[in-house]
Amino acid sequence: AQWAGIWTDLLAGGPQRWKDGEEQSSQSALKVLEAVGLAPPEASLLVPLAGDSLFAHHAHQQGYRVVCIELVAAAASALRARFSGSWIEEGSAGDSAGQIGALHRRYKLSDGRAVVYQGDVFVPIEAEIAQHDAVHDKDSFGAIDVGDREKYVSVVHSYLRTGGYVLLEVKNRSDDQAAGPPFHIDEQCVTKYWCSSGFFEIQKHLGELFPLKNPQWKQVGFLLRKLK
C-alpha cells in the first residue's frame, strides 16, 4: 500500500523522487553495458523494481531483450505505455502460460523482445532463472527496507548467468544517512550485501554518474560481476 500511494502521487505530478536524472541514467547505463561487450540482439537485460523505467524503453529501442519486474500495478501500466506495439497478457499461475507463479502477471510485447511481470519482486520467477546477461538497478536496492536486502540480492543473483553484470545505481547522502527511502548506500554497504557471500565482485567503481537536484545527494554507480 505504501508504494502504491507513492506511485499515485508521482504519476499525478508529485515529487519525482528517484526519477530525478532518469534520462542521464538511461544513457550512461547503455554506455556502461556496451563497454563490457553486451550488445543487442543477443544480450538480455533485467530491470527489477522497474517502476516506469526509461532505461528499459531505451534498451528495447536499441534492440536488447528486456525483462522488467514491478510490484505496483499503476507503475507497471505506465511502463508498458512507454513502448510502441501491443501487449499480450499471458496469464498467471494455474493457466496455460505456466511457471509464472501465483504472485505475478506476465505481459509480453508483440515483438517478443520485452516482458513485464507485475508482482512480488522477492518471489523468484522460474522462467527467468539464469536467463540474463545484466541487471540495471537504478535506486531499487537503495529503496527497499534494510531487512529485505539479502533476499533481494539473492533473487537478483538467481536471474543472472554466471559472469553476468549488475549495474548498481545508488544514492550517497551527506544529510541524514539513516533516513530513507532512498537510503544512503556506500561501498561498505555494497560489499556487505553483494560481495561478502562470494557471489559478486565489484569490477568497477563508476563514481558520480550525474548531478541531482538535491545538493546533499550524489548518484553513484558500481559495476558488479557474478562470480558463481
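Predicted model: local features only at pLDDT ≥ 70, side-chain atom pairs only at ≥ 80, totals over all residues.

Reader: How much space lies in the largest pocket?

Author: On a 1 Å grid over the protein atoms alone, a pocket is an open set of points with protein on both sides within 12 Å along at least five of seven lines, and a lining residue has an atom within 4 Å of a point. A volume is the space filled by probe spheres set on the points, which are joined across faces, edges and corners. For the largest pocket this space is about 590 Å³.

Reader: Which residues that line the largest pocket are the closest to its centre?

Author: The lining of this pocket divides into 18 nonpolar, seven polar and nine charged residues, where Ala, Val, Leu, Ile, Met, Phe, Trp, Tyr, Cys and Pro count as nonpolar, Asp, Glu, Lys and Arg as charged, and the others, Gly among them, as polar. Of the 34 lining residues, the closest to the centre are W3, L49, E70, S140 and A143.

Reader: Which element gives the most to the lining of the largest cavity?

Author: A cavity is a set of grid points where a 1.4 Å probe fits but cannot get out, and the largest one here has a volume of about 30 Å³. Its lining is made up of S28, A29, V32, L167, E169, L206 and L209. With three residues, the element that gives the most to this lining is α2.

Reader: Where on helix α2 do its buried residues lie?

Author: Helices are DSSP runs of H or I with at least four residues, numbered from the N terminus, and buried means under 20% relative accessible area with a 1.4 Å probe and protein chains only. In α2, the buried residues are S25, S26, A29, L30, V32 and L33. Judged by the directions from the helix axis to the C-beta atoms, they fall within an arc of 160°, so they line one face of the helix.

Reader: Which residues does S25 contact, leaving aside its neighbours within four places in sequence?

Author: S25 is found in helix α2, and it counts as buried because its relative accessibility is 1%. Taking contact as heavy atoms within 4.5 Å, the residues that S25 touches beyond those neighbours are H136, K138, E169 and F210.

Terms used:
Residues numbered from 1 in each chain as written. Heavy atoms only, no water. Buried < 20%, exposed > 50% of the residue type's maximum accessible area, 1.4 Å probe, protein only. Helix = DSSP H or I, 4+ residues; strand = E, 2+ residues; numbered from the N terminus.
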